[in-house]
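Here is my note on the model you sent over. I have kept it to numbered points so that you can follow along with the structure open beside you.

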Amino acid sequence: MDLSEQFLVDLKREFPKFRIVEKDADLLSQCIDIALKIVTLGQQRSYLDGYYTVLGDTLYVPPSWAHASPIERVITLRHERIHLRQRRRYGYPLMAFLYLVPFFPLGLAYGRARLEWEAYRETLAATAELLGLEAARSAVLKRRIVGRFVGPDYGWMWPFPKQVGRWYDAAMVRLERDFGGTAANLAAGDAP
Ligand SMILES: [Zn+2]
C-alpha cells in the first residue's frame, strides 16, 4: 500500500462516506463548469481540468489525479480533509453559506477566503513535511496559491495581494519555526 492509499484508509476512518469521483465523467461537475464560465464571464475555464472540489463527502478530481504521485495525492488530500473538517465544525448550511453565497456578487468573499486559507496552510505544512521546507518556500508555489485568492479561479474571492501575501508570510514563519525546530532537535538528538 503506498502513502496515499494508507492516507485514504485513515481519511475513510474519519469520514466513512468519503469517495473520489472523476469530474470528466460526472454530470454535476459539467453543470458547475458551465455555471462558473457564465458567472466569471469566461475567466474561470479550468474547473474540470484544473481543480479539486469537495462537495459533501465527495472529492471531485481533475484528470491529473490519475498521474499524481502518492506524495502529491497526500498533499491534496490533506488540503481537502481541512474542508471536510470545516463542514463538520460549522455544519452543512453554514459551510455552504460561508462558501457559496458570497460568490454572488463576485469578489470580497471573506468567508470563503478564510476557509480556503486554513486549507492552504495545511497544503504548506504537508509540502514541508513530505517534500521539505525548501519545496514549501518555492516562489512558484507562493504565486500559485496567492493567485487562487486574488484571481478568477475562485471568483476573485479576496483580491488583495498584499494582505494575502502577509497571511502567506506569517504561515511560512510558523512553518520555519515548527520544521526548523524539528530539524534542529533531530540534529541535536543525533549528536553524540
Ligand atoms: Zn480548498
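**Notes on the model**

1. Arg78, Arg81, Glu122 and Glu129 are joined in a network of salt bridges (a salt bridge being a side-chain nitrogen of Lys or Arg within 4 Å of a carboxyl oxygen of Asp or Glu). Glu122 sits in helix α6 (helices, H or I, of at least four residues and strands, E, of at least two are DSSP runs, numbered from the N terminus). With a relative accessible area of 16%, Glu122 is buried (buried means under 20% relative accessible area, exposed over 50%, partly exposed in between, with a 1.4 Å probe and protein chains only). Setting aside neighbours within four places in sequence, Glu122 is in contact with Arg78, His79, Arg81 and Ile82 (contact means heavy atoms within 4.5 Å).

2. A word on the ground rules. This is a predicted model, in which local features need pLDDT of at least 70 and side-chain atom pairs count only at pLDDT 80 or more, while totals for chains, interfaces and linings use all residues. Residues are numbered from 1 along each chain as its sequence is written, and side-chain values use heavy atoms, with hydrogens and water left out.

3. Now the metal. The zinc ion is coordinated by His79 (NE2), His83 (NE2), Glu116 (OE) and Glu116 (OE), at 2.1 to 2.5 Å (donors are N, O and S atoms within 2.8 Å of the metal, or 3.2 Å for Na, K and Ca; water is not among the atoms, so sites may look incomplete). Along the sequence the donor residues follow the spacing H-x3-H-x32-E. His83 in helix α4 and Glu116 in helix α6 (residues 110–131) are 33 residues apart, a link between distant parts of the chain. Both His83 and Glu116 are buried.

4. Why is the arrangement around the zinc ion irregular? The four donor atoms subtend angles of 54 to 154 degrees, which makes it so. For reference, four donors count as tetrahedral if all angles lie between 85 and 135 degrees; four count as square planar and six as octahedral if opposite donors are over 155 degrees apart and all others between 65 and 115; anything else is irregular.

5. How many salt bridges does a search of the whole structure find? The count is 11. In one of them, the side chains of Arg85 and Glu14 meet at 2.7 Å, N to O. This pair links distant parts of the chain, with Arg85 in helix α4 (residues 70–90) and Glu14 in helix α1 (residues 3–14), 71 residues apart. Arg85 counts as partly exposed at 30% relative accessibility, and Glu14 counts as partly exposed at 25%.

6. Two further pairs are worth a look. Arg87 and Asp57 form a salt bridge at 3.2 Å, N to O; Arg87 is in helix α4 and Asp57 in the loop between β2 (53–55) and β3 (58–61), 30 residues apart. Both Arg87 and Asp57 are buried. Glu176 and Arg137 form a salt bridge at 2.7 Å, N to O, joining helix α9 (residues 161–190) to the loop between α7 (133–136) and α8 (139–150). Glu176, at 28% relative accessibility, is partly exposed, and so is Arg137, at 40%.

7. On to the nonpolar side chains. The largest nonpolar core has 23 residues, of which Trp117, Leu124, Ile145, Phe149, Trp167, Tyr168 and Leu175 touch the most other members (a nonpolar core is a set of buried Ala, Val, Leu, Ile, Met, Phe, Trp, Tyr and Cys residues joined through side-chain atoms within 4.5 Å). The elements giving two or more residues to this core are α6, α7, α8 and α9. Another core, of 11 residues, lies apart from it, with Phe7, Phe18, Leu59 and Val74 among them.

8. Helix α4 passes a simple length check: its 21 residues should span 30 Å at 1.5 Å a residue, and its end C-alpha atoms are 30 Å apart, which agrees (the expected span is 1.5 Å times one less than the number of residues). Gly91 follows α4 and has a positive phi, near 85 degrees.

9. Lastly, please look at Met95 in helix α5 (residues 92–100). Met95 is buried, with a relative accessible area of 10%. Not counting residues up to four places away in sequence, Met95 touches His83, Gln86, Arg87, Tyr90 and Leu115.
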